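Please look through the briefing below with the sequence and the model open beside it. It goes topic by topic.

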Amino acid sequence: MDFSSIAFANSLILGLSIASIFFVAALGLTIIYGTAGVINMAHGEFIMLGAYTVYALQTFVGIPYFLCIPAAFFVVGAIGFAIEKSLIRYLYDRPLDTLLATWGVSLVLIQGTRLIFGSDPKYVQIPSFLSTNVEAGGLSLGAFRIFIILMALGLAAAVWFIFYRTDFGIKVRAVTQNREMAASFGINAGQVYSFTFALGAGLAGVAGALFGALNIVLPTMGAGYVVEAFLTVVTGGGALMGSAISSFAIGELQSIFALITNSTFAQFLIFVVIIVFLRFRPQGLISASGKRR
């Protein structure tokens, strides 16, 4: 394998890592948007809360990193459940109001976190073996990025199992397809929305637990991920499979463009490609919202 081949192979592996980050960031947003049709502008702040949950548990309680990940899921999921019960449930079928309300929630969460933890950066500690690089045949990738790829696969499998192999998943899909018809069969749509919103928020918390170890933890860190999350969800069409395909395509294309040009121009090219794609297919790759009644 010559140098250019190694560089291209490394680019593909890095693209897979970027795709897994996009997918993990977008997973919770996909569930909330695909099920309830809510454009959750506070999704980035849910990610931020997951990172701060890990930081707080490590710093003040001394919990190991691997136990902090499920803890972040339950803490942020509980916060999402409370927000849905107290605010979002009154705004379904009012997309503009929901968008503005969740944007207001995001501002409250940012300022609340800043008041509690301050504005200085925080750091999440990970086990030492995740800080190494794995090299083979000239290819190299950080062990923690490999861990994120495995987590993305595990989360995708878990969400698929919940949605297609459990009674709760059947109820979610029924409510998504036709809420009135589902209600006629005794399904409580409000309860389904509440737990689905909590599930999406919890998954954002898991994303924050991962991203907090990848970068510094700040009250505004969610903004750095929410754009990619929205691009992934919109391009994918709001369905789980669509988000998986779009995150893979965006991650790989961005990595290849960065190899040919540079990372800044690669992001510009990705935005152009997505805009052109949505011009001809505005419903995305696999439309979930189009089936909602």
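**Aromatic rings**

Y65, F66, F129, F144 and F147 form one aromatic cluster, in which rings of Phe, Tyr and Trp (its six-membered ring) pair if their centres lie within 6.5 Å. The model is predicted: local features need pLDDT of at least 70, side-chain atom pairs count only at pLDDT 80 or more, and totals for chains, interfaces and linings use all residues. Residues are numbered from 1 along each chain as its sequence is written, and side-chain values use heavy atoms, with hydrogens and water left out.

- A search of the whole structure finds 15 aromatic pairs.
- One of them joins F66 and F147, with 5.7 Å from centre to centre and 70° between the planes; this is edge-to-face, the term for planes over 60 degrees apart, while planes under 30 count as stacked and the rest as tilted.
- F66 belongs to helix α3 (residues 65-86) and F147 to helix α5 (residues 143-165), so their pair ties together parts that are 81 residues apart in sequence. Helices here are DSSP runs (H or I, at least four residues), as are strands (E, at least two), and both are numbered from the N terminus.
- F66 is partly exposed, at a relative accessible area of 38%, whereas F147 is buried at 15%. Buried means under 20% relative accessible area, exposed over 50%, and partly exposed in between (1.4 Å probe, protein chains only).
- Y92 and Y193 make a tilted pair, with centres 4.7 Å apart and 40° between the planes.
- Y92 lies in the loop between α3 and α4 (95-117) and Y193 in helix α8 (residues 189-214), so this pair ties together parts that are 101 residues apart in sequence.
- Both Y92 and Y193 are buried.

**Nonpolar core**

- The largest nonpolar core has 64 residues; such a core is a set of buried Ala, Val, Leu, Ile, Met, Phe, Trp, Tyr and Cys residues joined through side-chain atoms within 4.5 Å.
- The residues with the most contacts inside this core are F46, Y65, I69, F147, L210 and F211.
- Helices that each supply at least two residues of the core include α1 (3-36), α2 (43-61) and α9 (223-236).
- Helix α8 gives the largest share of the core, 14 residues.

**Hairpin**

- Strands β1 (residues 133-136) and β2 (residues 139-142) pair in the antiparallel sense over four bridges; two strands pair if DSSP finds at least two bridges between them.
- V134 has L141 in β2 as its bridge partner, and A136 stands opposite L139 in β2.
- The two strands form a hairpin with two residues between them, and G137 in the turn has a positive phi of about 60°.

**Helix α10**

- Helix α10 (residues 240-260) has 21 residues and should span 30 Å at 1.5 Å a residue, which agrees with its end C-alpha atoms being 30 Å apart. The expected span is 1.5 Å times one less than the number of residues.
- Among the buried residues of α10 are G242, S243, E252 and F257.
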